[in-house]
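Let us take a walk through a protein model together. Keep the sequence and the 3D view side by side as you read.

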Amino acid sequence: MNIIIGGALGRMGRELARAAGEAGLGIACGVDIAYTGQPMDFPMERAYADIAVQADALVDFSRADGLPALLAYAVAARMPSVLCTTGYNAAEVAAIGEASAAIPVFRSANMSLGINVLQALCAMAAKALGGRFDVEIVEKHHRQKLDSPSGTALMLYESVCNALGGAHPVVNGRAGRDAKRTAGEVGIHAVRGGTVTGEHEVGFYGNAEQIVLTHRAENRGLFAEGAVRAAQFLVGKPAGLYAMQNVVAEMLGT
């Protein structure tokens with residue numbers, strides 16, 4: 001199995017190359033707008049339009065603004081695509097949905113198996129506790145992260161809302177002299193600093209009791225390993241939109 005790596009020169013692109021090698025996958029090509037001809041262990045291109053090699057899947061860890069070129073190439077080449085980038089806007093999410101009608105597309109805000117277990121636990125807690133507990137989400141990442149709140153925090157928020165039966169107002173941080181919490185809102189707070197790989201905490205706060213669920217990523221390698229697993233899962237699948245929950249279900253035989 002051979003893959004194409006989008007964002008091959010970035011930190012996650014390099015982690016993905018390592019994880020792919022350890023899993024026995026070949027790298028047909030890397031794509032990165034920052035490529036200037038430096039020696040690499042595999043062929044490189046600056047743009048998807050320049051790719052001339054064959055591959056079984058594309059795995060992207062680049063930026064959201066590169067999505068149009070990526071999807072144009074993937075649909076034309078009928079290339080199964082794993083999208084690991086976060087920060088997509090509504091129009092970009094819609095474009096991903098359109099592409100999934102023609103090719104298999106795997107999209108997850110977080111490629112960690114543990115995060116997807118946390119997502120299920122949050123939905124279970126929200127359903128059991130109903131509206132009797134206040135929900136607050138705190139996410140922490142390194143100082144270089146661009147989007148805020150993180151895609152994973154939004155994924156956890158959606159899980160809570162689905163379990164509660166509808167959307168709830170989001171408050172991103174609190175400031176001012178009138179920041180009292182209102183009923184039904186969900187707070188989402190971002191911390192940026194140092195080299196934190198990623199931490200997500202979902203707290204359920206009731207009268208005289210709290211339930212706090214936390215996931216900590218100790219290194220970026222786990223995301224790359226999850227992306228490799230996603231690529232292996234996606235090859236041979238019919239056109240459609242897939243996520244890490246599908247991988248977990250396949251692993252469990254459910």
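We will look at strands and helices, then at salt bridges, and then at a sheet.

This is a predicted model, in which local features need pLDDT of at least 70, side-chain atom pairs count only at pLDDT 80 or more, and totals for chains, interfaces and linings use all residues. Residues are numbered from 1 along each chain as its sequence is written, and side-chain values use heavy atoms, with hydrogens and water left out.

Start at strand β4, which covers residues 57-60. Helices (H or I, at least four residues) and strands (E, at least two) are DSSP runs, numbered from the N terminus. In a regular strand, side chains alternate between the two faces of the sheet. You can see this in β4: A57 and V59 point one way, L58 and D60 point the other way, and all are buried. Here, buried means under 20% relative accessible area, exposed means over 50%, and partly exposed lies in between (1.4 Å probe, protein chains only).

Which strands pair with β4? Two strands count as paired if DSSP finds at least two bridges between them. Strand β1 (residues 2-6) pairs with β4 in the parallel sense over four bridges, and I5 stands opposite V59. Strand β5 (residues 81-83) also pairs with β4 in the parallel sense, over three bridges, with D60 opposite L83.

Now turn to the charged side chains. Side chains of opposite charge can pair when their charged atoms come close. A salt bridge is a side-chain nitrogen of Lys or Arg within 4 Å of a carboxyl oxygen of Asp or Glu, and a search of the whole structure finds 12 of them. One of these joins E22 and R18, at 2.9 Å from N to O. Both residues lie in helix α1 (residues 11-22), four residues apart, about one turn of the helix. E22 is exposed, with a relative accessible area of 58%, while R18 is partly exposed at 32%.

Another salt bridge links R181 and E136, whose closest N and O atoms are 2.9 Å apart. R181 lies in the loop between β8 (170-172) and β9 (186-192) and E136 in strand β7 (residues 134-141), so the pair ties together parts that are 45 residues apart in sequence. R181 is partly exposed, with a relative accessible area of 23%, whereas E136 counts as buried at 12%. Salt bridges that share partners join D134, E136, R174, R181 and E185 into one network. Elsewhere, D147 and K145 meet in a salt bridge at 3.2 Å, N to O, and both are buried.

Our last stop is an open sheet of five strands with mixed pairing, in the order β8-β9-β7-β10-β11. The strands β8 and β11 (210-217) stand at the edges, each with a single partner strand, so one side of each is left without a neighbour in the sheet. β8 and β9 pair in the parallel sense over three bridges, and V170 stands opposite V186 in β9.
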